[in-house]
Amino acid sequence: MSDSETLRVLVVDDSRAAQSRIEQLCASSPHVKVVGTAFNGAEAIRAVKQAKPDLIFLDLVMRDVDGLVALRMLCRGMPGIRVAVVTSLGGSSRAAEEAFKLGAIDVLTKPVDPSAISKLMESERQRKIEDLRVAP
Amino acid sequence: MSLRFFGQYLIENAVIRVEQLREALALMDRGRPRLEQLAVELGMLTRAEQQRLSREAEYTGYSFLELLQDEQMLTEAQLNELIGRRGDAEISVGAALVELGHLDSSALTLWMRRFGDEQRPYYETQIALPGALNRHRPARAVVGLFCRLLPGIAGISVDEGSLRAEPAPDIALPSAAILARGVVPLWLELRVEPELARTLSRGMAGDASLDPSPEDGEDAVRELLNVVVGNAVALLEEDGLHLSIIPPDPAGSAEVERTLELATSAGKAWLLMDPAPDPAPRHSELELVIDA
């Protein structure tokens with residue numbers, strides 16, 4: 001399998017424990033690589049520019065620049081970017097609706113369901129492979 | 001498992017696509033009465049007050065409702081009436097999907113039933129709290145979810161029968177604080193025994209061999225509080241109680257009215273609560289610099 005078929009993931013969460021959980025789930029797949037982590041929205045925006053991830057896992061409730069602000073900036077500034085929100089507020093219609101409207105491709109609730117994360121990563125990887133096939 | 005949004009549940013089960021959900025949300029928005037208009041129509045705000053808050057909402061990125069709550073311009077009864085009136089006029093995401101032809105009504109009924117069955121355990125979380133706290137709905141939701149979610153988060157079981165009003169020991173313990181602000185606010189601090197913090201850290205990371213530092217323990221306690229209170233916000237939203245959460249500085253403490261002690265399989269935890277906190281500062285001043 002070529003590197004180009006590996007899903008590159010960025011994890012944004014102000015909790016080291018929450019980051020570790022997602023990193024561990026990523027590590028369980030040979031086709032997924034964590035290319036960066038960030039502790040708030042501002043760091044996330046910088047990390048996206050540097051690491052060029054295929055998929056971002058973004059928390060919403062963070063100190064400093066929170067997730068909704070970061071999501072708005074990412075989706076407006078980088079059309080086509082793939083952001084999955086992972087938040088304790090995922091069950092809240094208000095928060096989830098806002099995240100989807102801003103451009104999130106999914107909203108997952110903490111505590112995370114490992115199978116939901118794995119399923120999402122695999123579908124995003126398949127999507128990337130398909131995009132590579134049709135690219136000129 | 002945890003509390004979820006119905007639209008996300010439909011996507012996860014491949015009933016709809018995210019683009020269809022966004023269409024439904026846009027349809028809901030078009031039919032949704034604006035809170036600021038309703039507040040003026042109902043005589044709760046003057047036009048000038050409404051315009052000032054609308055400008056502030058645009059400038060700060062905060063919602064009109066959050067600003068109303070922060071500035072305490074309406075009574076609790078008025079806020080509830082306002083939210084209720086808006087809710088009465090709203091259509092649900094399911095109804096919007098049916099109207100757009102993305103889902104037929106019999107499928108909607110079926111999926112709503114399945115979703116309801118999955119989510120019911122969280123809504124049936126009932127724990128009696130000592131004294132006046134038992135009448136405080138957010139406090140009951142938080143303690144109930146603490147007991148229900150902790151096993152799934154970190155494999156730690158909670159002895160619900162151990163719950164009692166008992167002060168935390170007067171020593172430094174791993175702790176975190178959070179503020180749920182809204183119509184019925186709640187300030188909360190969670191303190192745990194060091195061994196519980198370490199077990200929590202290992203459980204959250206999913207790595208039993210981890211040797212967590214004290215900072216890792218504090219981080220895990222903070223994340224636990226975030227998860228429990230975030231889920232409580234979602235739970236209470238269904239009851240029409242709108243709250244938002246911000247992680248405050250634990251040192252900016254409120255007056256603790258009650259401390260509850262809980263025994264878990266990895267040590268004791270204490271929830272310190274103030275059901276009537278001062279509103280927190282709305283915004284920290286931030287400058288975000290992004291490289292071109």
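This is a short tour of a predicted model, one selection at a time.

Local features need pLDDT of at least 70 and side-chain atom pairs count only at pLDDT 80 or more, while totals for chains, interfaces and linings use all residues. Residues are numbered from 1 along each chain as its sequence is written, chains are lettered from A and ligands numbered from 1 in the order in which they are written, and side-chain values use heavy atoms, leaving out hydrogens and water.

**Stop 1: the sheet of chain A**

Select the strands of chain A. Strands (E, at least two residues) and helices (H or I, at least four) are DSSP runs, numbered from the N terminus. Five strands form an open sheet in the order 2-1-3-4-5, with parallel pairing. Two strands pair if DSSP finds at least two bridges between them. Which strands stand at the edges? Strand 2 and strand 5 (106-109) of chain A do; each has a single partner strand, so one side of each is left without a neighbour in the sheet. Neighbouring strands are turned by 20 degrees against each other on average, direction ignored. Axes here are lines fitted to C-alpha atoms, for helices over the stretch in contact, and angles run from 0 to 180 degrees between N-to-C directions.

**Stop 2: strands 1 and 2 of chain A**

Select residues 7-12 and 32-38 of chain A. These are strands 1 and 2, which pair in the parallel sense over 6 bridges. A:V12 has A:A38 as its bridge partner. The chain crosses from strand 1 to strand 2 through helix 1 (residues 16-27), and this β-α-β crossover is right-handed. That term means that, with the strands pointing away from the viewer, the path from the first strand over the helix to the second runs clockwise.

**Stop 3: A:I56**

Select strand 3 (residues 55-58) of chain A. A:L55 and A:F57 point one way, A:I56 and A:L58 the other, and all are buried. Buried means under 20% relative accessible area, exposed over 50%, and partly exposed in between (1.4 Å probe, protein chains only). In a regular strand the side chains alternate between the two faces of the sheet.

Zoom in on A:I56. A:L10 stands opposite A:I56, and A:I56 stands opposite A:V83 in strand 4 of chain A. Beyond four places in sequence, the contacts (heavy atoms within 4.5 Å) of A:I56 include A:V48, A:L74 and A:R82.

**Stop 4: the cores**

A nonpolar core is a set of buried Ala, Val, Leu, Ile, Met, Phe, Trp, Tyr and Cys residues joined through side-chain atoms within 4.5 Å. How many residues has the largest nonpolar core? It has 116, and A:I56, A:L71 and B:L224 are among those with the most contacts inside it. Helix 11 (residues 214-237) of chain B gives the most to this core, with 12 residues. A second, separate core of 18 residues includes A:L7, A:I22, A:F57 and A:L108.

**Stop 5: the sheet of chain B**

Select the strands of chain B. Here 6 strands form an open sheet in the order 1-5-6-3-2-4, with antiparallel pairing. Its edge strands are strand 1 (158-165) and strand 4 (243-246) of chain B. The twist averages 25 degrees from one strand to the next. Strand 2 (residues 175-182) and strand 4 of chain B are joined by 4 bridges. Click on B:R181: its bridge partner is B:S244. Last, show helix 11 of chain B, which packs on the sheet and touches strand 2, strand 3 (186-192) and strand 4 of chain B.
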